[in-house]
Amino acid sequence: MQTSSTTIPADKSDISQRHLVVIQCRYNSTRLPGKAMMILGGVPMLSFLLKRLKAGLPEDRFKIILATTENTEDNMIANLGEEEEVEVLRGDENDVLKRYLKCLEAFPADMVVRVTADNPFTCPEVIECAVNEMIKRKVDYLKCENLPEGSGVDVFSANLLKQLGVKAKDPQEREHINMYVLNNKEKYATYFLPFVGKDAQPSIRITVDTIEDLENVRSIFKQGDIDPWRISILEIVKRMDPSII
């Protein structure tokens, strides 16, 4: 996997502290309630994502946090996070931004990677590349582009997140924490990281919003796959569209 300027994995010598990887998740998803607990690759979808991130991200550079709500139905989400030995923080259901700020307050860091639980194939290599590009380019916000839908991330500097806590007033801006930045790009140092190569296929959809999406991503796996959460984006692309490779 490549960007226009970076080959993954990039050099890690300039990394001096851990960065937060925050997974936002709630049981009562609007479009597909309970999807976080639906089975993918033999385990609940949220477990699949957590295992994937834990297997691919070095602990000395990244701290993974599961940010869920204080609602009773999200007890199972919190319990699953604890079973996966991931830090769990709970907060407001709709004010997702407040949850992120709570994570940052509990675990101070220089930047925060945003991951949504409906993207079980979020790529650890993409996360590392995005963080390295943030450091290299000295920007406040970075968004990955041109990847299969559901494998990229966006990254915020800690300072930007704290600013958003004050400036983002609309409930939609509090729920979708990148909305204010994307609507006010001229106010911030932003970078949209373009990926190139055979695995840079934005037409391929591996996010899960509907039961059809779930069945689609379940079809990726083959009998005999061991630790299916370790599957690479390139292999996913190959299995979903053999004509590309």
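Me: Is Phe121 buried or exposed?
Reply: Buried, because its relative accessibility is 0%; buried means under 20% relative accessible area, exposed over 50% and partly exposed in between, with a 1.4 Å probe and protein chains only. Keep in mind that this is a predicted model, where local features need pLDDT of at least 70, side-chain atom pairs count only at pLDDT 80 or more, and totals for chains, interfaces and linings use all residues. Residues are numbered from 1 along each chain as its sequence is written, and side-chain values use heavy atoms, leaving out hydrogens and water.

Me: Which ring does Phe121 form an aromatic pair with?
Reply: Phe221, in a tilted pair with 6.2 Å centre to centre and 35° between the planes. Rings of Phe, Tyr and Trp (its six-membered ring) pair if their centres lie within 6.5 Å; planes under 30 degrees apart are stacked, over 60 edge-to-face, and the rest tilted.

Me: Which residues form the aromatic cluster?
Reply: Phe48, Phe121, Phe221 and Trp229.

Me: And what sits over the ring of Trp229?
Reply: The charged end of Lys51, 5.2 Å from the ring centre. The rule is NZ of Lys or CZ of Arg within 6 Å of the ring centre and within 35 degrees of the ring normal. Lys63 likewise lies over the face of Phe107, at 4.8 Å from the ring centre.

Me: Switching to tyrosines: how are Tyr180 and Tyr188 arranged?
Reply: Edge-to-face, 6.5 Å centre to centre with 65° between the planes. Tyr180 is buried at 12% relative accessibility, and Tyr188 is buried at 10%.
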